[in-house]
Amino acid sequence: MKDSKKFWLLFVILEKCYFSCLDDDLGGLLGALSPDLWGDGYPADMAILRDWEEGGSNNSEEKDGFVNRIVSFLRSYSNSYGFDFNKAIEWLQKMTLSDYQEYQRVAEQKEKEWRSRLSD
C-alpha cells in the first residue's frame, strides 16, 4: 500500500456512501477493497488498490480534489467494467466540507489502528 492514509480515507468515504445510497455496484467494489476480509489488513483485491493508487494525477487531500479523484476512479470502473455508480457519484458530489472533515478523522483513526495491528 503506497499511501495508507489516502486508502483509508477512500475506504471510509465509500463505506459512508454505500450505507447512505445502498448502491449495489458500489457494495461489490467496497467488498473487494475491504481491509477487514483478510487477517493481514489489506484489501481483498490488491489489483483494485493498485488501480486507485495509479489512477489520476490529483493527489490532493483537500475535499474537492480528493472527491474528484474518487469520482474519476468510479467513472473509470464504470467505463471499463459496466458498473453503475451514478448514485454514488451524486452522493459524493453533495458531500459537505464538515462531512469530509469527519471522514478524515475516522480514516485517521482507522489507519492508526491498522498500523498498530501490523506492528503487533
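Rings of Phe, Tyr and Trp (its six-membered ring) count as a pair when their centres lie within 6.5 Å; planes under 30 degrees apart make the pair stacked, over 60 edge-to-face, and the rest tilted. With that in hand, let's walk through this predicted model, where local features need pLDDT of at least 70, side-chain atom pairs count only at pLDDT 80 or more, and totals for chains, interfaces and linings use all residues. Residues are numbered from 1 along each chain as its sequence is written, and side-chain values use heavy atoms, leaving out hydrogens and water.

Searching the whole structure gives 13 aromatic pairs. One of them is Tyr81 with Phe83, a tilted pair at 6.4 Å centre to centre and 55° between the planes.

Trp91 belongs to helix α5 (residues 86–93) and Tyr103 to helix α6 (residues 97–119), so the pair ties together parts twelve residues apart in sequence. Helices here are DSSP runs (H or I, at least four residues), numbered from the N terminus. Both Trp91 and Tyr103 are buried.

Ring pairs also link Trp52, Phe66, Phe73, Tyr77, Tyr81, Phe83, Phe85 and Tyr100 into a cluster. Over the face of Trp52 sits Arg69, 3.9 Å from the ring centre; for Arg, this requires CZ within 6 Å of the ring centre and within 35 degrees of the ring normal.

Key
Helices (H or I, at least four residues) and strands (E, at least two) are DSSP runs, numbered from the N terminus. Buried means under 20% relative accessible area, exposed over 50%, partly exposed in between (1.4 Å probe, protein chains only).
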